[in-house]
Amino acid sequence: MGYLEGFGVTLKQMFQRRVTQQYRIGTGNKAPEPERRHGRHVLNRYEDGMEKCIGCELCAGVCPARCIYVRGADNPVDDPVSPGERYGFVYEINYLRCIHCDMCVEACPTEAITESKLFEFSFTNRQDAIYTKAELVVDDEGNPQHLPWEDWRPGEEQHTSGWMRATSPAGSAAYENRVNWSGELGYGVRAPERGQEFEDVVIGAPSGHDDHGHGDGHDDHGDGHGDAHDDHGHDGGGHDHGGGH
Amino acid sequence: MIFAADPLFNQGVDLAVFLIVVVKVVIVFALLLVSTMLMIWFERKVHADMSNRIGPNLAGPWGILQTLADGIKFFFKEDILPTKAEKWVFIIAPFLSVVPAFLLFAIVPIGGDFNDGNAGVITVFGHDTLMQLADPPIGVLFALAMSSLAVYGIMLAGWSSGSKYPLLGSVRASAQMVSYEAAMGLSLMAVVLVSGFLGTHDIVNWQAGEGPFGWFPNWAVFITLLVPFVIFVIAGTAELNRPPFDLVEAEQELVGGFNTEYSSIRFALFFVAEFMNVVTMSALFATLFLGGPAGPAFVGPGWLWGTIWFVLKTLAFMFMFVWFRATLPRFRYDQLMDFGWKLLIPLALGWLLLLGTIHLARQEGWNPAITAGGVLVVGLGGYGLLRGAISAGHAKRAAEADEEVPV
């Protein structure tokens, strides 16, 4: 056939099965979301209801899109907002600029900011694009607030920190499958993400004395922090994270 | 008189005749616009199928109203006039490109009963008329003229934009169209030669006549022995700036080509003109080479079957254009020029001479053996001359390249 062979190839394509997954709001026919999707941020709270944010501005400093604006303030003595000395007084994220790189999540020393999996939100004016602290912080059940222009799927609000749990504390493979984060309001200490360890051959679990190195930047007030050391026996805990939801 | 060949004007022009012409204009206009709209949808859908995608599927059933939605959107987009643009030329250029596209369709017969010596004449309110807007005696030349005029729209658009990429695009456009126009005209002349007619209606009527062996269709594609048809399709594709000849708007090189600086409805006009030209060119292919509305009529009125055959044949060519686009990669500029000048034009010219010789030999009753021998000698001589000229050109260029002192 020579030159004309290509015509046969394209013609044959016409009768092959399509692999496209239809995306249409309202049909319920959406592809399952990956565990670590980067979506709209949430500001987390401790299990006692205290906010995790300490207003350190590390997230704002690391943000490549400069979409985060944070101002810290001293905690009121009689009614503290966060367990530490300072708290995030102003916290704003401009979603017209955010590129969802999750560097703020990696930078955060207290796991205060994480990204939910929500990506279907379409505000219609610029003011709505700037999420304030009141909109970002989780509600009293520990779930993200549902704003009118956001399309949350059922169960989506329960997974607000997949990426954080996958990479914390430093993205090193040696720390895979280890809990070293504090508990969250409503959910307690989340199980580690089911990592590559379960898919591949176990290359070698980290030895015990490495644990001293990973506490960098973590405050001691975290409620779940004491649990971090039982992670060696924790392998089974991540099983239900694989594809159950 | 440009309408002269239409029997509508035989008994003079009165109000009824005038109204019939007006209705015809409206029908052709609407038909062309709707078919252009459907063509854009068809192209997107078929192209999607060929690359294993789904294509537009939200606006209307099977996404058929997608073009309408796009068109409405274009009206509401901001219309930008670049400060460096040559204002009036910039404004006129899209119309220069759209109007010939409309005019070209006016000479295409879109139906009519060509069986049993009816010659495609239908009777409307007691008036005999043809199912085509105009049947000028110069028919085919009019088609060539209009497709050449469309080049001006593209050329002036690129030039008046005051920008580099559009200018490059329009320079390419003018060179490409001038080159391929020659091959197109020569292959078209083959049809004119064998049929003996210039008008589109006469050509269709001739093709509806009895063919070789009594049962074979007398279509020009067979009578001219296929080669002019192939050349015409290739040159027509180049004339339309369709892939693989879309160097004019090569997205990867020239942003959008000649229409880069255009926005809003002005851009939409270019877009519409492009696809309208696809429709009219497909119709022209069908008319000139595949007998247009000529075809057997079964149950029902004969003129309806004419339209059905015409639509089917035109659709086949539309599909062909989309198939080309989905399959073939774009030509490089020098390949384009080589292909046009060194292959298509000599081939079209040689074939025209061959057909002319055959025609004359049959008319004059020449000895077939001597004629064939003469044709062979002249053909080989011509081919040898062409090869010689091309290789001499190559040698000269190579020598020049050697002489150049490296800096």
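User: What share of the 407 residues of chain B count as buried?
Analyst: This is a predicted model, and in it 44% of the 407 residues of chain B count as buried.

User: How many helices and strands are there in chain B?
Analyst: Chain B has 13 helices and two strands. Its radius of gyration is 23 Å, close to the 22 Å that the globule rule gives for 407 residues, so chain B is as compact as a globular protein of that length. Taken along the principal axes, the box filled by its C-alpha atoms is roughly 75 × 65 × 45 Å.

User: And what part of the contacts in chain B comes from residues 24 or more positions apart?
Analyst: Among the contacts in chain B with a separation of 6 or more, 78% are between residues 24 or more positions apart.

User: Switching to domains, how is chain B divided?
Analyst: Chain B is divided into domain 1, covering 7-328, and domain 2, covering 332-394. Their centres, taken over C-alpha atoms, are separated by 30 Å, and 20 residues of domain 1 of chain B are in contact with 15 residues of domain 2 of chain B.

User: Which helix gives the most to the domain 1 side of that contact?
Analyst: That is H5 of chain B, which gives twelve residues to the side of domain 1 that touches domain 2. By class, this side of domain 1 has 15 nonpolar, four polar and one charged residues.

User: Which residues touch the most other members of the largest nonpolar core?
Analyst: They are B:Ala183, B:Ala235, B:Phe285 and B:Phe289, in a core of 107 residues. Helix H10 of chain B, residues 264-289, supplies the largest share of this core, with 17 residues.

User: Why does this core lie between domain 1 and domain 2 of chain B?
Analyst: The core lies between them because domain 1 (7-328) and domain 2 (332-394) of chain B both give residues to it.

User: What is B:Ala183 in contact with, leaving aside its neighbours within four places in sequence?
Analyst: With those neighbours left aside, B:Ala183 is in contact with B:Ile231, B:Ala235, B:Gly340, B:Leu344, B:Ile345 and B:Ala348.

User: Speaking of chain A, how many residues of chain B are in contact with it?
Analyst: Ten residues of chain B are in contact with eight residues of chain A. On the chain B side, helix H1 (15-50) and helix H11 (302-327) are the elements that give two or more residues, and H11 of chain B gives the most, with three. The residues on this side of chain B divide into five nonpolar, three polar and two charged.

Key:
Residues numbered from 1 in each chain as written. Chains lettered and ligands numbered in written order. Predicted model: local features only at pLDDT ≥ 70, side-chain atom pairs only at ≥ 80, totals over all residues. Core = buried A, V, L, I, M, F, W, Y, C linked by C-beta atoms within 7 Å. Buried ≥ 20, exposed ≤ 12 C-beta atoms within 10 Å, placed from the backbone. Helix = DSSP H or I, 4+ residues; strand = E, 2+ residues; numbered from the N terminus. Domains from an automatic or database assignment. Contact = placed C-beta atoms within 7 Å. Rg over C-alpha atoms; globule rule 2.2 N^0.38 Å. Nonpolar A, V, L, I, M, F, W, Y, C, P; charged D, E, K, R; others polar.
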